[in-house]
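Good morning, and thank you for joining this group meeting.

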Amino acid sequence: MQYAEPITRLVKALSRLPGVGEKTAGRLALYVLNTNREYAEELARSLINVKDNVRLCSECMTFSESDPCSICGDDSRDKEVICVVGDYKDMIAIEASFTKSSAINIRSVYNGRYHILHGLLAPLKGIGPEEIKLKELAKRIGNHGVKEVIIATPFDGEGEATAHYIGELLKDTEVSLSRIAAGIPVGGSIEYMDASTLSRAMDGRRKL
Ligand SMILES: [Zn+2]
């Protein structure tokens, strides 16, 4: 026994979403089918709405309704400092983590802007410099009086390769380049750290 054709179509479309297997897609499709029409309409409208009304900010490449985005358009944020992240979710996480914590005022920790690469270098997956927003980063640095670039790509093979590439890209510029620190998480116990985390933490030590 198979799903009716319209359901099969929906299951197929849903199972293309990352992390959604065919079983989950089937469950979601049946949920939509069993719920009221308003919900289905709202879901369909929201899907089209993100495609029609969200674009890339022409400066930092973030997803935004407006161009420039609210961060690039905010004059109280430091134009001279850019934090480079692999994807949009990372930028949101950095902004949100400070906002959520009432103990830390984001502006005192980071008051610069961002650059979203929309991917990381991964030669084995066919992702080279042309496939991510590196050209846009180089152009931005050339044009806008940027003085400092902080690389906040992940500490894995792709994140490190991307950080290294940006280092090479900016080698002959006046820009001060840094990498966010890697090491022991707050509240973490040294006893349980792996060797590479410990050596990065030791390497990244700073004066008290
Ligand atoms: Zn922007």
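Which domains does the domain assignment of the chain give? The assignment gives domain 1 (5-53) and domain 2 (76-181), with bounds that come from an automatic or database domain assignment. The centres of domain 1 and domain 2, taken over C-alpha atoms, are separated by 34 Å.

Before going further, I should state the conventions. This is a predicted model, in which local features need pLDDT of at least 70 and side-chain atom pairs count only at pLDDT 80 or more, while totals for chains, interfaces and linings use all residues. Residues are numbered from 1 along each chain as its sequence is written.

Let me turn to the overall architecture. The chain contains eight helices and six strands; helices (H or I, at least four residues) and strands (E, at least two) are DSSP runs, numbered from the N terminus. Along the sequence, their pattern is α-α-α-β-β-β-α-α-β-α-β-α-β-α. The chain is more spread out than a compact globule, because its radius of gyration is 21 Å, well over the 17 Å that the globule rule gives for 208 residues. That radius is taken over C-alpha atoms, and the rule is 2.2 Å times the number of residues to the power 0.38. Along its principal axes, the C-alpha trace spans about 65 × 45 × 40 Å.

Of the 208 residues, 17% count as buried. A residue is buried if 20 or more other C-beta atoms lie within 10 Å of its own, exposed if 12 or fewer, and partly exposed in between, with C-beta atoms placed from the backbone.

What span should the 17 residues of helix 3 (residues 37-53) have at 1.5 Å a residue? They should span 24 Å, and the end C-alpha atoms are 24 Å apart, which agrees; the expected span is 1.5 Å times one less than the number of residues. The number of buried residues in helix 3 is zero, so this helix lies largely in the open.

Four strands form an open sheet in the order 4-3-5-6, with parallel pairing; two strands pair if DSSP finds at least two bridges between them. Strand 4 (113-116) and strand 6 (176-179) stand at the edges with a single partner strand each, so one side of each has no neighbour in the sheet.

Strand 3 (residues 81-85) pairs with strand 4 in the parallel sense over four bridges. Strand 3 also pairs with strand 5 (residues 148-151), again in the parallel sense and over four bridges. Cys83 stands opposite Tyr114 in strand 4 and opposite Ile150 in strand 5. Strand 3 is mostly covered, with four of its five residues buried.

Finally, some backbone details. Most residues other than glycine have a negative phi, and most peptide bonds are trans. Here, a cis peptide bond joins Asp67 and Pro68, with omega about 0°; Pro68 is placed in the loop between strand 2 (63-64) and strand 3. Met61, in the loop between strand 1 (55-56) and strand 2, has a positive phi near 70°. Is Met61 buried or exposed? Met61 counts as buried, with 22 C-beta neighbours inside 10 Å. His118 also has a positive phi, of about 55°, although it is not a glycine. His118 lies in the loop between strand 4 and helix 6 (134-143) and is partly exposed, with 16 other C-beta atoms within 10 Å.
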